[in-house]
Amino acid sequence: MNIANKMALGSLLAMLMSSQAWAQVITKAEYEDGKTRVNAVYEQEKKACGKLSGNQEDVCKAEAKAKREAGLADLDANLKGTLDARISAEEEKVKGMYEVAKEKCDDYNGDAKDLCLTKAKAERSTGMANVDATRKTLEARQEAAEKKMESDYEVALKKCDSYAGDVKSGCKDKAKADYRQ
């Protein structure tokens, strides 16, 4: 795996481990603005690729497309604000890196090309496995947080039992609000 791929994968994992990363939600207007920006950057990058020739041009276009698809997937994940959407976005990034790596393999022939393609597939498999492991970790953390909240809610309700009347009712209402029940 080359340095750029390792850095991208490392930042992916660090971002996914942050609960803020997949919980960030944007509005539909922000989504549309972002989509316009991503597509504009893609068009600029694709146009710049026209100055190249041969496989360099193909690699350049594959990189531009991968960036666009990753950017759009990130926007979609931020619009939806779900773990599944964020994981799908990260899978899209791994797929994009794979497509670029495959395109770079066209510079080689014979065994060298076969080796390059095998390496690209291995990097894709590793990337997808890392995304899957991160998904499982985040799901486990989310489940643990939900269980903790339920337990804390039960404790809060028990505390409310020591009160009577309106105070007890207010205490229970506060507990429901505090623990999202």
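**Disulfide, helix pair and pocket**

A disulfide joins cysteine 49 to cysteine 60, with an S to S distance of 1.9 Å. The model is predicted. Cysteine 49 lies in helix 3 (residues 28–49) and cysteine 60 in helix 4. The two are eleven residues apart, and the pair links distant parts of the chain. About the S-S bond the angle is -75°, and the link of cysteine 49 and cysteine 60 is left-handed. The structure holds three disulfides. A disulfide is a covalent bond between the sulfur atoms of two cysteines.

Helix 4 leads on to the next contact. Helix 4 (residues 54–80) packs with helix 5 (residues 83–105) at an angle of about 180°. Their axes are 8 Å apart. Angles over 145 degrees count as roughly antiparallel, and helix 4 and helix 5 are therefore roughly antiparallel to each other. What classes of residue make up the contact of helix 4 with helix 5? The contact has eleven charged, nine nonpolar and three polar residues.

Further along is helix 7, residues 165–178. Its 14 residues, at 1.5 Å a residue, should span 20 Å. The end C-alpha atoms of helix 7 are 20 Å apart, so the two values agree. Arginine 180 follows helix 7, and its phi is positive, near 45°.

By class, the lining of the second largest pocket has three charged, three nonpolar and two polar residues. The volume of the second largest pocket is about 180 Å³.

Technical notes
Residues are numbered from 1 along each chain as its sequence is written. This is a predicted model: local features need pLDDT of at least 70, side-chain atom pairs count only at pLDDT 80 or more; totals for chains, interfaces and linings use all residues. Side-chain values use heavy atoms; hydrogens and water are left out. On a 1 Å grid over the protein atoms alone, a cavity is a set of points where a 1.4 Å probe fits but cannot get out, and a pocket is an open set with protein on both sides within 12 Å along at least five of seven lines; lining residues have an atom within 4 Å of a point. Grid points are joined across faces, edges and corners, and a volume is the space filled by probe spheres set on the points. Ala, Val, Leu, Ile, Met, Phe, Trp, Tyr, Cys and Pro count as nonpolar, Asp, Glu, Lys and Arg as charged, and the others, Gly among them, as polar. Helices (H or I, at least four residues) and strands (E, at least two) are DSSP runs, numbered from the N terminus. The expected span of a helix is 1.5 Å times one less than its number of residues. Axes are lines fitted to C-alpha atoms, for helices over the stretch in contact, and angles run from 0 to 180 degrees between N-to-C directions. Angles under 35 degrees count as roughly parallel, over 145 as roughly antiparallel, 65 to 115 as roughly perpendicular and the rest as oblique. A disulfide is a pair of cysteine sulfur atoms within 2.5 Å.
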